[in-house]
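Thank you all for coming.

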Amino acid sequence: MRPGPFTYLTVAAAAAGIVFILLPLFIMAATAFNPTAITFPPEGFTLKWFGAVLEDARFVRAIIISLVLAVFSAAVSSAIGLIVALAIRQSKSRIAEHLSTLMLSPLFIPGALLGIALYQGANALFGTVPLGVLLVGHILLTLPFPVRALMAGLARIPTSLEEAAFLSGAGFLGTVWHVLLPQLRLHLFAGSAMAFTMSWNDFDLSLFLSGTRVQTLPVEIYGRLQLGADPSITALSLIVALVSVAGVIILDRTIGVAEFAGMERQGPRRTPGGRQRSAPSTPSTPSTPSHPQPDSGVLTP
Amino acid sequence: MYTSRTEANGMNMTTAQQQGLELEGISLSLGKGGFTIDGLDLQAKEGEFLSLVGPSGCGKSTTLRMVAGLLSPDSGRIRIGGADVTDVAPHRRRIGFVFQDHALWSHMTVRRHIEFALKYAKVPRAQVRSRVDEVLGLVHLDRHADHYPFELSGGQRQRVSIARALAPAPAMLLLDEPLSNLDRHLREEMQREIRAIQQRLGTTALYVTHDRNEALSMSDRIAVMQSGRLQQIDTPSRIYEAPTNEYVARLLGPINAIPSTIISITTHLGVRLPNGAGISLPADACGQPPSAPDSQMTMLVRPDNIMLCDVADERHHVAGTVASTMYSGSSSEYMVEVEGMPTALKVVEREHIREPGSRVGLRFDKVSFAEEVDDVA
Amino acid sequence: MSPDVSLRTPVAPIAPGPAAPGSPPTIDREQNKQRSRQIRGATTARRLLRILILAAAAALAVLLVAPVLYMVGLSFTTGQSFGVDHYVTFFTSQYYIVGVALNSVAMAAAGVLVAAVFAIPLAYVIARVGSAGVRRALTVALFVPLWINSVILMLGWYIIVGANGIVNQTLLMIGLIEEPLRILSTPTAVVIGLAQLAIPYIAMPLVGVFAAVPRSAEEAAHVCGASPARVFFRITLPLSAQGLFVGILLSFTLSIGALAVPNILGGGKVRMFSVAAYSELTTGNFGLASVIALVLLLTTVLCLSPILLLNRRTNQHKEH
């Protein structure tokens with residue numbers, strides 16, 4: 001088919017869309033090297049701001065806090081997610097169904113709402129907002145991702161595999177350890193990676209639950225912005241962004257971003273980047289969540 | 001209304017003798033592992049039902065899509081009803097296309113499908129209603145006009161697809177394996193219906209299929225393709241009885257391929273068989289006669305064109321032993337081993353009277369000759 | 001007992017043993033015991049899981065629901081007594097109803113609309129593009145902003161639309177304007193920021209939806225005489241309507257509660273739900289903050305309910 005005007009228009013709009021969403025990233029990255037101020041185009045090239053970041057105690061503390069929170073939340077929510085996903089698979093009761101909906105709710109509830117609720121609750125109980133509440137908030141926020149990833153992963157494993165293991169003599173724990181977990185490795189990784197990133201990037205929730213001493217990175221950046229901007233902010237932001245971009249690239253190499261987000265139509269799965277998947281190609285009978293519906297994509301944040 | 005399509009289309013007739021479809025020098029190369037179509041020439045007469053037959057990947061669907069305009073050839077011209085459409089976009093070519101997966105629109109009723117087709121064919125609004133009723137009557141779907149695709153059976157859906165293609169009285173009807181997804185009985189019924197409709201309307205039709213029986217039963221002519229090349233184009237009976245090469249022969253049915261040497265070509269053909277026997281065949285029994293004497297050619301004989309008789313009967317050409325029999329109700333198939341021949345011959349007979357191990361005489365009633373090839377795909 | 005040995009050892013002896021007539025054949029007791037242990041083990045594990053589910057459900061209920069209930073309580077508290085003062089303040093004051101609630105809805109709607117203009121073609125291109133390499137590149141490009149902190153992204157826009165930003169610089173250079181445009185702290189900037197966040201949310205599920213529309217359906221319309229534009233608007237879009245609807249609704253819901261965008265690009269002057277709640281909290285006005293939060297929650301749930309209903313309906317369809 002020869003391309004007509006409509007085709008050109010569509011491609012132009014698509015290109016504009018890509019430019020639109022990536023523009024702030026590039027601009028901000030460029031200003032991090034600007035010796036004078038946060039403007040674009042840069043008037044020079046310098047790396048001094050990165051040094052300034054590392055020397056700023058508050059920045060460093062924020063980095064550490066965010067890192068610790070992210071790792072911790074990812075670990076805890078992955079563990080909880082695994083248990084919940086397994087439990088939901090075993091019992092098909094209504095409670096399980098509602099539980100899964102509940103677990104996935106932080107995806108649709110604005111983070112700010114969660115923050116406000118927890119803030120009020122913590123204030124009522126403790127009079128202040130201890131670090132623990134911030135952690136709990138992050139865990140709640142990140143919970144949906146391992147849960148959904150693992151549920152999707154488990155849905156792809158036909159029950160016959162478990163039954164075979166069971167009949168061979170493995171107990172329940174044995175089946176989980178030897179049969180299910182190896183199949184779920186990718187999903188577990190994806191879910192944890194997603195949880196990590198969501199915690200690392202969160203602003204809405206953290207703004208409410210951060211104290212004067214305990215601030216996550218995004219909150220710290222925001223605070224600095226309020227006080228007057230100097231390019232150390234953009235340098236810091238660039239570092240933060242690079243971590244996330246690295247995460248996306250790793251994800252794409254291992255799992256393939258498209259499948260991850262439920263963008264693929266139902267059909268044979270493609271192997272991304274030439275890597276073989278560890279999961280077997282199961283028959284398409286289980287209605288996998290990669291059916292085109294936004295909230296049932298595997299891991300739409 | 002449906003009798004004179006060319007008038008309805010307002011097409012310009014550029015040549016006095018008008019072909020329904022003309023492909024001239026069509027070339028297309030599909031990179032990366034795809035084959036190349038190089039200089040393809042094909043004509044279909046006005047109102048003709050032409051089948052494009054071949055195995056998967058031979059280029060038949062590609063050719064069809066080029067006629068539709070969904071693919072552009074690298075070079076060559078395409079003419080439909082005499083008008084050059086090579087540079088015309090698909091939605092302006094006035095063709096009807098029936099897809100293999102029927103391609104219905106789940107958000108529209110049957111009636112809306114037809115109305116859609118008529119609207120973009122710029123049929124005047126006053127006529128739309130009557131045309132919808134007429135074409136739905138043609139495919140026997142009048143009672144389903146307000147149903148949605150999910151309420152219809154597979155066969156009914158395909159009929160909607162056909163009705164949608166025919167409603168605007170196109171210059172040409174293109175069908176891409178429309179019946180492959182239907183079960184056998186439905187397929188046979190639909191074959192008869194499609195053919196009947198096409199004949200009634202007199203629309204030129206290009207029909208792609210991999211099913212040889214479908215092609216043989218429905219077509220005015222069959223075009224066999226392999227790896228992007230046209231192997232033979234002929235009427236069904238001629239292409240069946242007189243295939244030009246072993247590939248075409250095998251495509252259309254079981255065939256015996258016997259390497260032989262041509263001894264003489266006169267009113268009778270003298271042929272020496274691999275076992276040394278020399279036989280004489282009347283010239284009119286040869287579909288594709290050999291070109292020159294002293295040449296090695298492959299003799300192609302259909303199993304139903306080998307007659308079995310008593311060994312004592314003098315009319316047989318060679319004698320052999322029945323190795324195995326297979327009864328299939330309306331006929332019996334025998335594998336007969338002849339001394340000196342490289343492979344057993346497959347013979348098909350109506351009666352089931354030969355026993356394995358019995359000696360029989362074989363007579364070749366109709367044969368065809370093809371160039372010897374080392375490798376037949 | 002290893003499976004190998006147990007395979008070769010028949011459960012019952014082949015030759016009748018010295019058992020009394022009428023008694024059951026000798027069964028390997030060891031094997032039986034082990035099997036029972038396994039079955040019991042599985043059942044215990046299952047019971048444990050069931051308890052865990054209930055525990056998790058309870059924990060979540062406490063963590064999520066209790067604070068909300070607490071907030072409900074707070075919203076009715078004025079000073080020492082109960083009253084609906086806060087609700088009255090919220091619903092009667094134009095500052096809140098229009099300034100916050102309606103403004104949030106308007107901003108979110110505008111942001112999602114702008115996003116859709118870009119996201120729909122983008123999703124279509126990704127779904128239909130032939131080269132797998134291009135598709136992957138576009139998908140990754142679409143994904144990246146999702147995984148990057150909204151504060152950072154808004155920082156970028158802050159730089160772009162600021163008084164010294166590129167937009168103004170370019171316009172000044174071309175000579176279209178004489179003084180820098182004030183874009184920051186205006187609704188325009190907020191809409192831009194919201195669109196930035198919404199585009200991936202709309203585009204990503206839409207890709208799957210578009211990919212599910214069979215190409216032959218589009219080709220059939222094309223061959224029938226519809227131009228590519230008509231094919232898209234009359235065939236492709238209607239067939240994708242449900243997925244599009246859900247994606248847009250989802251983005252809308254998340255946009256209403258946005259915090260970073262109005263804070264950074266709106267300078268705190270463009271009031272939306274979360275911004276208002278934050279400022280009330282910092283001034284100690286817990287009651288009013290709770291009201292705002294609850295109205296936000298209600299609006300969110302209201303916006304999400306069509307999606308849940310649609311989901312339930314399509315799931316029922318599948319079962320039939």
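In chain C, the centres of domain 1 and domain 2, taken over C-alpha atoms, are separated by 38 Å. The assignment, which is an automatic or database one, gives domain 1 as residues 30-75 and domain 2 as residues 85-319 of chain C. Between these domains, the contact takes four residues from domain 1 of chain C and eight residues from domain 2 of chain C, where two residues count as in contact if their C-beta atoms, placed from the backbone, lie within 7 Å.

Before going on, please keep in mind that this is a predicted model, in which local features need pLDDT of at least 70 and side-chain atom pairs count only at pLDDT 80 or more, while totals for chains, interfaces and linings use all residues. Residues are numbered from 1 along each chain as its sequence is written, and chains are lettered from A, with ligands numbered from 1, in the order in which they are written.

Turning to the neighbours, the contact between chain C and chain A takes 87 residues from chain C and 86 residues from chain A. On the chain C side, the largest share, 19 residues, comes from helix α2 of chain C, residues 29-75, helices being DSSP runs of H or I with at least four residues, numbered from the N terminus.

With chain B, 14 residues of chain C are in contact with 17 residues of chain B. Here α9 (215-224) and α10 (228-256) of chain C each supply at least two residues of the chain C side, and α9(C) gives the most, with seven residues.
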